[in-house]
Amino acid sequence: MQKPARHFLTSLGLDVRLLGMIGALVFIWLMFHFATDGRFLTPRNLFNLSVQTASVAVMATGMVFVIVTRHIDLSVGSLLGLLGMIMGTLQLNILPDIVGLGHWSIWIITVFIGISAGVAIGAFQGWIIGYLTVPAFIVTLGGFLVYRGAAWWVTSGQTVAPLDPTYKLLGGGAEGTLGETLSWVLGVIAALAAVAVMLISRRTKERHGIQVKPIWAEGTLMGLVVALTVGFAWLMNSYKVPDRAAARIAKARGWDVPEDFTMYHGIAIPVVILLAVAIVMTIVSRRTRFGRYVYATGGNPEAAELSGINTRLLTVKIFALMGGLTAIASVIASARLGAVGNDLGTLDELRVIAAAVIGGTALSGGAGTIYGAVIGALIMQSLQSGMAMVGVDAPLQSVVVGMVLVLAVYIDIVYRRRTGA
Amino acid sequence: MNAQTPLVDMRDIHISFGGIKAVDHVSVDLYPGEVVGLLGHNGAGKSTLIKILSGAYAADGGEIYVNGQKADINNPRDARKYNIETIYQTLALADNLDAASNLFLGRELVTAAGFVDDDAMEAECRKIMGRLNPNFQKFNDPVSALSGGQRQSVAIARAVYFNAKILIMDEPTAALGPHETQMVSELIQQLKSEGIGIFLISHDIHDVMELCDRASVMKNGQLVGTVDVKDVTDDDLLSMIILGKKPEGVTVS
């Protein structure tokens, strides 16, 4: 890299690893775009990609905390399946008898109970790991078998369908989006909020006499953030709903529409959920004591303990959080399919771990970011759906994804060694 | 020397690990403004004894009094409540975090909304480091990027910042060069004059002769004896450490 370019990047204060990941993502996208004769980078495909990424990415944000504290969670895929079964049975067979068929509160109660169950199961695993000191690998390997078996047992292996119509909106699809207007509103609000946060942070730093970025660098970053958020809303708003589906939706919602009515998707609800989760998890990791203790414990467990951090309770909290996020991911995955089958979430634990690791989370502990895990999930999903579009056979897809995982970690190791980080 | 109440009085402390008596019914005390050296070979039990005071280990038996009141110390959080601060031999720093995060680890400054206030912590960190080690500049790097002396000054800053009344220093100069060792000596003198009591664990007889008022010598988990440093010679201390022999003609408590 030339000197002025490096100076430019240093002033922006952007992480080299982040740039590397974005570079890899752009490379993969362009490669598939050419290989598919321009079908990859279209609003339609990017919309689908964003929806397909959501479930794994939500879990990957939690896996960052698990791996940062030198643990692992192999049970998330099975737990996702079990929670999906519980929530499916609840909304199909139990709640209609209590509150009435098609009642508006069914999806809320379902999601609430699902998340509570996820948190409880996660906390229990965390308790075994933290207080009974059984290694996380073993506890969650056991959980992997237990939950998959238990999911079968909930309905004796039968697929649960159809799910509640409102619940299904949480999975995306033509109806499960914000629509055009709200997408614009969300994009603009997000852009304004990001700029406000950057300005406030700059002011507090100045007040404490800490050096800040040059004003042009801050301005460039703000421009980038605004372009990205508003651009994403614009992109999602360019994906047209097929005319017949649009007419059907308009009719179902009781809209009086002209003959040549057109409708666009907008940002999918699962993506909104993912963005909310990612923002909250970033705040938790950087601005709360809990987050600080997660990283301190990962960096030096003994030092954390001697600093008065209750590392056992911390382990319980981390796994409880992982369980809660798995429940949210389960809502997205089951709602997207509209049904809960026995195989829901199969192999997801490996996708989630791979996403976190590709995103720069070190298995040796102490390092990892939320945005990295989300980009990692996006890279994994891009590879998978890109290869499917090109027509690569499913077994060969696994071969490629497996090799990319190892390669990504090797590059990360070389990078860490070079920078001494 | 004292009619006052001791700052710390550890009585009849004992602890075993798998049948080995690491600390075998040992009693030591510490008065305000005093430096007590803890001496002994590796494995004599001095670090273990001190980890009981700092809450890292729970004793099998014995009692700890702080300012004459019986103290209940079961974990490091309890010890901090009694204003007992420790500089560990390993420094106990989270290498992946920066100096300010380590300084405030477990006691973060928070904003009104309850979020960690990194800017305020960095500002405070700059203040105390300016006093302890004016050359220190690497505030935004993880402490893994710091030199041995810089890391040591972060660990010392952590103990001093929170108004310690009782300070435990486990081999504070083992990893330091002559200049930094001198800095630590000056710091000890200054803290002493502020009325802080210090337990100083050291291998170095010269350090002990220079910095300590009294020395407690341990061997094989037992207390050989406690002497006033001004009453004894280097050789007396050495024979206590090596042979477990009490010097003649000296009051040994």
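In helix 4 of chain A, the residues Leu79(A), Leu83(A), Ile86(A), Met87(A), Leu90(A), Gln91(A), Leu95(A) and Val99(A) meet a set of residues in helix 5 of chain A, namely Ile106(A), Trp107(A), Ile109(A), Thr110(A), Ile113(A), Gly114(A), Ala117(A), Gly118(A) and Ile121(A). The residues of this contact divide into 13 nonpolar and four polar, with no charged residue. The model is a predicted one. Helix 4 of chain A covers residues 76-99 and helix 5 of chain A covers residues 106-130. Their axes come within 9 Å and cross at roughly 140 degrees. The crossing of helix 4 of chain A with helix 5 of chain A is right-handed.

Chain A as a whole contains 17 helices and two strands. Its radius of gyration is 22 Å, close to the 22 Å that the globule rule gives for 421 residues, so chain A is as compact as a globular protein of that length. The C-alpha trace of chain A spans about 60 × 55 × 50 Å along its principal axes.

In chain B, six strands form an open sheet with mixed pairing, in the order 6-7-8-3-9-10. Strand 6 (84-87) and strand 10 (222-228) of chain B are the edge strands, and each pairs on one side only. From one strand to the next, the twist averages 15 degrees. Strand 9 of chain B, residues 214-219, runs antiparallel to strand 10 of chain B and is joined to it by six bridges. Within this part of the sheet, Val217(B) stands opposite Gly225(B) in strand 10 of chain B. Helix 6 of chain B, residues 178-193, packs on the sheet and touches strand 3 (35-39), strand 7 (166-170) and strand 8 (197-201) of chain B. The direction of helix 6 of chain B makes about 150 degrees with that of strand 8 of chain B.

The domain assignment of chain B gives two entries: domain 1 (1-45 + 54-82) and domain 2 (84-178). The C-alpha centres of domain 1 and domain 2 of chain B lie 25 Å apart. Contact between them involves seven residues of domain 1 of chain B and five residues of domain 2 of chain B. On the domain 1 side, the touching residues divide into five nonpolar, one polar and one charged.

Definitions and conventions
Residues are numbered from 1 along each chain as its sequence is written. Chains are lettered from A and ligands numbered from 1 in the order in which they are written. This is a predicted model: local features need pLDDT of at least 70, side-chain atom pairs count only at pLDDT 80 or more; totals for chains, interfaces and linings use all residues. Domain bounds come from an automatic or database domain assignment. Two residues are in contact if their C-beta atoms, placed from the backbone, lie within 7 Å. Ala, Val, Leu, Ile, Met, Phe, Trp, Tyr, Cys and Pro count as nonpolar, Asp, Glu, Lys and Arg as charged, and the others, Gly among them, as polar. Two strands pair if DSSP finds at least two bridges between them. Helices (H or I, at least four residues) and strands (E, at least two) are DSSP runs, numbered from the N terminus. Axes are lines fitted to C-alpha atoms, for helices over the stretch in contact, and angles run from 0 to 180 degrees between N-to-C directions. A crossing is left-handed if the near helix is turned anticlockwise from the far one by less than a right angle, and right-handed if clockwise. The radius of gyration is taken over C-alpha atoms; the globule rule is 2.2 Å times the number of residues to the power 0.38.
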